[in-house]
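Open the model in your viewer and keep the selection panel at hand. The tour goes stop by stop.

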Amino acid sequence: MSAATATQAAPRTADEPLLRVEHLTMRFGGLVAIDDVSFEAKPEQITAIIGPNGAGKTTVFNCLTGFYKPTVGRLTLAAPHGRFLLEQIDGFRIAQRAKVARTFQNIRLFPGMSVLENLIVAQHNKLMRASGFSVTALLGLGGYRQAERRAVELAKHWLEKVDLVDSADKPAGGLPYGGQRRLEIARAMCTEPVILCLDEPAAGLNAHESAELNELLLWIRAEHKIGILLIEHDMSVVMEISDHIVVLDYGRKIADGTPEQIRKDPAVIRAYLGEEEDEALPSEVARDLGLPKK
Ligand SMILES: Nc1ncnc2c1ncn2[C@@H]1O[C@H](COP(=O)(O)OP(=O)(O)OP(=O)(O)O)[C@@H](O)[C@H]1O
């Protein structure tokens, strides 16, 4: 598919979703990881994708971010800078062209580089464009120096936001776990995305760190007015900060609604319980779904 077809210049309309996923299907040989899933994510909203292990959550992210080519489906990103059909863009160009950023379930920083360097490397695309892909940049000519200064300023801004200024020169791999998670988010934000896809950002965090993560994500949504897609097992995070929740089970969408609607949805309770609806709900399932104690 040509670049022109994958990108449509038409500006987004006021009530258009930021992301529209239509009939997404992903097969691996005989295994159907995602089965005809459709949902929308609105701009300036946090949309959570939840579901039991193996439900297909990360596969949705892998399709959106170009790691997988969907078997079937349309993925329309209506961004302020243009409308993109993500399934038709070469995977490695999605981050740069459509401005889709992500973090990973298993942290993927450059552990031997400093915290600051991780944030500068994230801006590689911008810096390369400013260099004109030529040797003039190495000589300090053209707009490269200015772009480099801006990259450092942006990195510093995010270091402050995620409370890592004191660790700027330390190797990223030496940060405590919570710090590495925050650095991943900062690195993704340094690419100035229109949508931020977070794959289990609260995994391994303690209650205090989870609460700080909630604050950070709410701040990003309010301040940067971008959409956030969130895969998360920690229901204290999901129920507290999500505007909208999509629930997957065995690759199918089983529910879609506000946290209030999802909490009460019998299909969701059944999926988490893995048993009949009229069974007593074990306390840990009730807690995960944020249901009141009986
Ligand atoms: N590259 C692949 N090849 C084959 N099967 C895959 C591949 N990627 C994912 N799957 C399968 O697709 C299904 C969905 O996996 P996925 O990782 O998307 O689930 P998930 O909801 O993110 O799970 P978890 O909560 O455990 O991370 C699983 O059965 C998984 O084994």
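Which strands does helix H2 (residues 57-64) lie across? Select H2 and look: H2 lies across S4, S7, strand S8 (195-199), strand S9 (227-231) and S10. The helix runs at about 145° to S8. Helices (H or I, at least four residues) and strands (E, at least two) are DSSP runs, numbered from the N terminus. Contact here means that C-beta atoms, placed from the backbone, lie within 7 Å. Axes are lines fitted to C-alpha atoms, for helices over the stretch in contact, and angles run from 0 to 180 degrees between N-to-C directions.

Before going on, some ground rules. Residues are numbered from 1 along each chain as its sequence is written. The model is predicted: local features need pLDDT of at least 70, side-chain atom pairs count only at pLDDT 80 or more, and totals for chains, interfaces and linings use all residues.

**Confidence**

Colour by pLDDT, the predictor's confidence in each residue, from 0 to 100. The chain has a mean of 87, and 83% of its residues reach 70 or more. Confidence is highest in strand S2 (residues 19-28), at 98, and lowest in helix H1 (residues 3-6), at a mean of 52. Where pLDDT is low, the predicted coordinates should not be read in detail. The model scores are ipTM 0.96 and pTM 0.86.

**The sheet**

Now select the six strands of the open sheet, in the order S7-S8-S9-S4-S10-S11. Their pairing is mixed. S7 (100-102) and S11 (252-257) are the edges: each has a single partner strand, so one side of each lacks a neighbour in the sheet. On average, neighbouring strands are turned by 20° against each other, direction ignored.

Zoom in on S4 (residues 46-50) and S10 (residues 244-249), a parallel pair with four bridges. Strands pair if DSSP finds at least two bridges between them. Pick Ala-48; its bridge partner in S10 is Ile-245.

**The hairpin**

Next, select S5 (residues 72-79) and S6 (residues 82-85), which pair in the antiparallel sense over four bridges. Two residues link S5 to S6 in a hairpin. Ala-78 has Arg-83 as its bridge partner in S6.

**The ligand**

Select the ligand and the residues around it, including Phe-28, Lys-57, Thr-58 and Gln-105. The shell holds four nonpolar, seven polar and one charged residue.

**Domains**

Finally, colour domain 1 (12-99 + 193-275) and domain 2 (107-177). Their C-alpha centres lie 28 Å apart.

Note on methods
Two residues are in contact if their C-beta atoms, placed from the backbone, lie within 7 Å. Domain bounds come from an automatic or database domain assignment. A residue is near a molecule or strand if its C-beta atom, placed from the backbone, lies within 6 Å of it. Ala, Val, Leu, Ile, Met, Phe, Trp, Tyr, Cys and Pro count as nonpolar, Asp, Glu, Lys and Arg as charged, and the others, Gly among them, as polar.
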